[in-house]
Each structure stands twice: as C-alpha cells, then as structure tokens.
Amino acid sequence: DAPGLPELLESHRDVPMIAISESQRRFFPDLRWVATIHHGLPLDGMPFSETPGDYLAFVGRVTAEKGIREAIDLSRASRVPLRAAAKVHSASEWRHFEEVVQPAIDADEIEFLGEVGPLERDPLYAGALATVMLGGWPEPFGLVAIESMATGTPVIARRAGALTETIEHGVTGFLVDDVGEAALAVEKVRELDRRKIRELTLERFSPVRMVDEYLQAYRTVLAERSDAR
C-alpha cells in the first residue's frame, strides 16, 4: 500500500514475483505470481518458557496502525499489565506517543521499555502471558508473531493480513476482531500448550524450509524460460 507501488506492479505484469503471504498478493491476483513463501528465521536459540507469564507484551512501533492504543485498552479491560518495547522515531510516532502512551505511563498503566535489542526483546516475549498485535493494518507478514511463538508465547492478534496465515487460532494464539474478543482470548490463553506452540513455529518458519521453497521457485522460473526458447 506504499505510494506508487501499485502502479509499479501494474506496469511490470510480466515479471515473476514471490509473495511473503497470500494476503500480500490478494489485491493483485492477475500478476505473475510464482509462489507464496512465508518467512523463515533462525529461531532455535530463542528462550523458552513453559509457564505463562503475568503480563502482556507489545513489540513494534508507536503508531496507530500497530495497535498500541488497543493494547493499552486490552490491558485495562483484562487487568493484565502491559509491557511495551516500541520505537518512537518520526514526528508522527512522537505525536502518537504523547497522545496515547504518555498518559498511560503517567497513570502507571503501562511499562514502557522503549526500543530494545534482541537480548532484551526475546526474554520479554518468553516471559509474557501473550504477545498482542491488535493494529488494523493488514501486516504483509508480521515477524513479531513468529518471534513470540518461537519462545512458546501465544499471540493475540487482530484478524487481518498475514496474521491469519501465521497464527493458528486456538493452537498458537487467537485471532480476534476487537478488544472485547481480545479480552476473552486473555482469559483462555493459559489453556494453550506453549511447548507445542514453539515446536510448530520452529518447524513452519525455519530458514531451511524457506530456502528450499525459494530454490524450487527459482527452478520453476528457469524451467519456464528454458521451455520458451
């Protein structure tokens, strides 16, 4: 949805392309899609906790589309503390921070960690009851989800974009339509098997699986080019 990108795609309809999710390609169904290949990450070294934590985690940017307002609302509704690791760089992010986040900090409703690296972020995932992704923007993929699930921590996410493909409802997390449903998910999230969440995630989103699928896509393109000669 970046300015100019739809026009660029339409003007290069003959170029073979790979999507990172079915959601990403759905607005351009007639382009020359070779495959849809979900991301893979080296997640084996992520910390793991079999015991659900006592807080909700938010990782991302302080923007309306990432859903930090909804994360704060969920924390209030469920009475489960929120810990947020989020960057605030641009002018619009700072405006959103002053409007939404700072009042919650002043009211002791949120523990705001700012932007953190993997050494702080990964234990934050592992120690959480759930990671929340309630923004309305249709994520083309959403790396936060698979990072969290690799630690065994389920994800409560808005039913939008590629999150509907990466999260298995009732198994690795919950897909919801609003904060009310998210509050219900918080009540049920302790029932999920965190070890199974980790195992499924390491299998589905491994770098080896991703590389194998890219190689197969490249072979397909090369074979088509060879046949056309």
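Which residues make a nonpolar surface patch of about 270 Å²? The patch is made by Val211, Leu215 and Tyr218. This is a predicted model, in which local features need pLDDT of at least 70, side-chain atom pairs count only at pLDDT 80 or more, and totals for chains, interfaces and linings use all residues. Residues are numbered from 1 along each chain as its sequence is written, and side-chain values use heavy atoms, leaving out hydrogens and water.

**Helix α9**

- Helix α9 spans residues 194-204; helices are DSSP runs of H or I with at least four residues, numbered from the N terminus.
- Its buried residues (under 20% relative accessible area, 1.4 Å probe, protein chains only) are Arg194, Ile197, Arg198 and Thr201.
- These four lie on the same side of α9 because they cover an arc of only 95° around the axis, taken from the directions from the helix axis to the C-beta atoms.
- Glu199 and Glu203, on the other side of α9, are exposed, which means over 50% relative accessible area.
- The buried residues of α9 pack against α5 (118-126) and α6 (143-150).

**Glu147 in helix α6**

- Glu147 lies in helix α6 and counts as buried because its relative accessibility is 10%.
- Leaving aside residues up to four places away in sequence, Glu147 touches Leu41, Leu43, Met46, Arg121 and Tyr125; contact means heavy atoms within 4.5 Å.

**Leu215 in helix α10**

- Leu215, one of the patch residues, is found in helix α10 (residues 207-228).
- Leu215 has 37% relative accessibility, so it counts as partly exposed, the class between buried and exposed.
- Patch residues have over 30% relative accessible area and no salt bridge, and nonpolar side chains are joined within 5 Å.
- A salt bridge is a side-chain nitrogen of Lys or Arg within 4 Å of a carboxyl oxygen of Asp or Glu.

Definitions and conventions: Helix = DSSP H or I, 4+ residues; strand = E, 2+ residues; numbered from the N terminus. Patch = residues over 30% accessible without salt bridge, like charges linked within 9 Å, V, L, I, M, F, W, Y side chains within 5 Å. Areas by Shrake-Rupley, 256 points an atom, 1.4 Å probe, with all protein chains shown as cover.
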